[in-house]
Amino acid sequence: MNQAALHRLLALKSSDKTPETLFDLRLSTNLSLIQNLFFSLYPEEKHGSSFNGLLRLLPELYHSRPKELKHQDLERMLSGNWYQSEKIVGMQLYVEHFNADLKGLGEKLSYLQELGINFLHIMPIMTRPKGENDGGYAVNSYTQVAKQYGSQKDLLNFTQTLRENGMYLMLDFVVNHTSDEFPWAKKARKGDEKYQAYYYTYSDDAIPRAFERTLPEVFPETSPGNYTYIPEMERWVMTVFNSYQWDLNYTNPKVFLEMLTQLVNLVNLGVDVVRFDALAFLWKKIGTISQNLPEAHTLVSLFRMCLQVVSPGTVLLAEAIVAPTEIVKYFGTGIQHGNECEIAYNASLMALLWNSIATKKTRLLYKSLENVPIKPADCTWLNYVRCHDDIGVGYEDEFIQEIGWSPHEHRKFLLDYYCQRLDWSPAKGLLFMYNPKTEDGRITGSAASLLGLEKALDEKDSSRIKESIAKIVLLHGIILSFGGIPMFYAGDEIGTLNDYSFLEKEDKKEDSRWVNRPYQDWETIDGFSKKKLPQYQLFKTLKKLIHIRKEHRVLSDANNLKLYNTGNEHVFVFERTSMEKNGMLILCNFDENPQVLNGSWIMKLGYFTKGEPIDLVSENSISLKSGLLQLDAYQIIWLKKS
Ligand code: GLC
């Protein structure tokens, strides 16, 4: 049993106890685990006093938690895992691109509620350097709201409003690095050795050079290398992402204690889910790629176990955009099973869906998904079509080869297909961080532009417009039914196209991810009275699917997913199974032509027992013709077993 489940049990058994007593209970149940994790990173002989510091810190942090949130914590412990519920549907947005600032966002809650969104991922809103700041992922503070978004009070009012409306909030915790203007970095620059030891800083480049031998580059075009020389401090500092993002040195236990304090201060603002940004990079070791190291997992688990004691209603999301078999490890393995993050980005599914769109085939999708180990029962996925970042093509070489393709050629094809190097491709994406020597690169673009809507609208090609809308529905229909939290990117619900305005902005033009971070198009939304608008049709369909999802418990995540390999290489089929015999079968056609499936196995599964079943998406009943079930081009069917 993982610790969260244990706490739930304790809370249930002790519901007559005060919140303080329950805190003591949680601390005592987690203590030995916390101690083991801490000493495995920071050996007792050297760091015993730091551990005592942690023991003093935890009750202080608990006392700093607002009363209302303490009560909410208890309610959540008693009511089960809200984040696995079918009722949760998320949207990710930049406040300034959505509706100006926090107050503006508050004014648009009714739009989100109409669509069915009740979980928001708000992109970074804390203070950051002027000019380049990686979209706020270079933080000057973990809790101070940047003026452009409003005041601290505005944020507190906003989180209060969300709670009153039964909505949840996710904010980022940029756990791997701070900006070079963060107070610690400023002191380090001035020569303060205590703070120089908060980062990986070196007086000469011997160690940096040793690291560089095996460290890959995250932003090779704009920020090559992993170290930056700071003349003012006469030292090198590790900067794995951009040169203005300094990597925190977690081998120093003081950094852990300070960051835990920052984390609790953040969640005390009313944050329900903490997005642990770039957590795969948390531990570094010479001779390795310094990603996914066992110590990084230990550290995540240590954060988790401490947070659970202080603020048990808060959950963690792993932002680990790494190989599928590595991602699941962020749920916790071995003794840490289920004790790292409750949620993880399903980056594998996301990337595979884009592969299936380009190839119109699903074999790689099946092969990869079939090889993902089952996740712990209390954990779930965050399923998404695309996010604010680029789309990578890092599929397992082995699987690509098994299908009979060359991994290198295949990746090249995908970049060509999405990044406007093939005349016939409907996609209009941009290349991101392309390396001409290796021909490696990633893809940027809004969902609609990558799925052909931009080109189809330019060419006023109504059948292509229809096709592209079908593809947008197909991908969103999958993330809504796959199991986990579906996360929309703001604007994709109305087919918003690429935004090329970043090219005119000095601090953004080098980073093509801004092409897929468009402004919310209120003009189009205001024009919804013109019912024929394709954008309106899309919005209406997605809204319908969201509401259907919420009415079907079988779509909550209970590890109840079964894949069916039908033999038709264009089709993807999965079932959300249920003990109560009311499962749901999801059938998806990735091809531009209609495809058929043998209906007999669907009959055997019991979907035709009570006559022709209804497809919840089209609201049509499904019949077999000559024993075959037909899917139209890019059609998705949600078949309900009744
Ligand atoms: C995460 C964010 C990305 C950012 C990076 C560095 O991957 O999603 O936008 O550039 O972390 O903070």
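Visitor: Which strands does helix α21 lie across?
Guide: Helix α21 (residues 462-481) lies across β17 (571-576), β18 and β21, and runs at about 35° to β21. Helices here are DSSP runs of H or I with at least four residues, strands are runs of E with at least two, and both are numbered from the N terminus. Axes are lines fitted to C-alpha atoms, for helices over the stretch in contact, and angles run from 0 to 180 degrees between N-to-C directions. Contact means heavy atoms within 4.5 Å.

Visitor: Before we go on, what kind of model is this?
Guide: This is a predicted model, where local features need pLDDT of at least 70 and side-chain atom pairs count only at pLDDT 80 or more, while totals for chains, interfaces and linings use all residues. Residues are numbered from 1 along each chain as its sequence is written, and side-chain values use heavy atoms, with hydrogens and water left out.

Visitor: OK, back to the strands. What is the order in the open sheet of four strands?
Guide: The order is β16-β17-β18-β21, with antiparallel pairing; two strands pair if DSSP finds at least two bridges between them. At the edges are β16 (561-564) and β21 (636-640), each pairing on one side only. On average, neighbouring strands of this sheet are turned by 20° against each other, direction ignored.

Visitor: How many bridges join β18 to β21?
Guide: Five, with β18 covering residues 584-589 and the two strands running antiparallel. I586 stands opposite W638 in β21.

Visitor: Which residues have the most contacts inside the largest nonpolar core?
Guide: W638 is one of them, along with L120, Y250 and F256, in a core of 219 residues. A nonpolar core is a set of buried Ala, Val, Leu, Ile, Met, Phe, Trp, Tyr and Cys residues joined through side-chain atoms within 4.5 Å. Buried means under 20% relative accessible area, exposed over 50%, and partly exposed in between, with a 1.4 Å probe and protein chains only. Helix α13 (residues 294-310) gives the most to this core, with 10 residues.

Visitor: And what does Y250 touch?
Guide: Leaving out residues up to four places away in sequence, Y250 touches Y42, V175, Y200, V255, F256, M259, L282, W283, L299 and F303.

Visitor: Switching topic: at what angle do α15 and α16 pack?
Guide: About 160°, with the axes of α15 (residues 347-359) and α16 (residues 363-370) 8 Å apart. That makes α15 roughly antiparallel to α16, a term for angles over 145 degrees.

Visitor: Which residues meet there?
Guide: From α15, L349, L352, L353, N355 and S356 meet L364, L365, S368 and L369 in α16. In α16, L364, L365, Y366, S368 and L369 are buried, and the buried residues of this helix pack against α15, α17 (397-403), β16 and β17.

Visitor: Which residues other than glycine have a positive phi?
Guide: E439 and S626 are examples, with phi of about 65° for E439 and near 50° for S626. E439 lies in the loop between β13 and β14, a hairpin with four residues between the strands. Four bridges join β13 (residues 430-435) to β14 (residues 440-444), which run antiparallel, and L431 has I443 as its bridge partner in β14. S626 lies in the loop between α24 (600-604) and β20 (628-631).

Visitor: Are those two buried or exposed?
Guide: E439 is partly exposed, with a relative accessible area of 28%, whereas S626 is exposed, with 75%.

Conventions: Angles under 35 degrees count as roughly parallel, over 145 as roughly antiparallel, 65 to 115 as roughly perpendicular and the rest as oblique.
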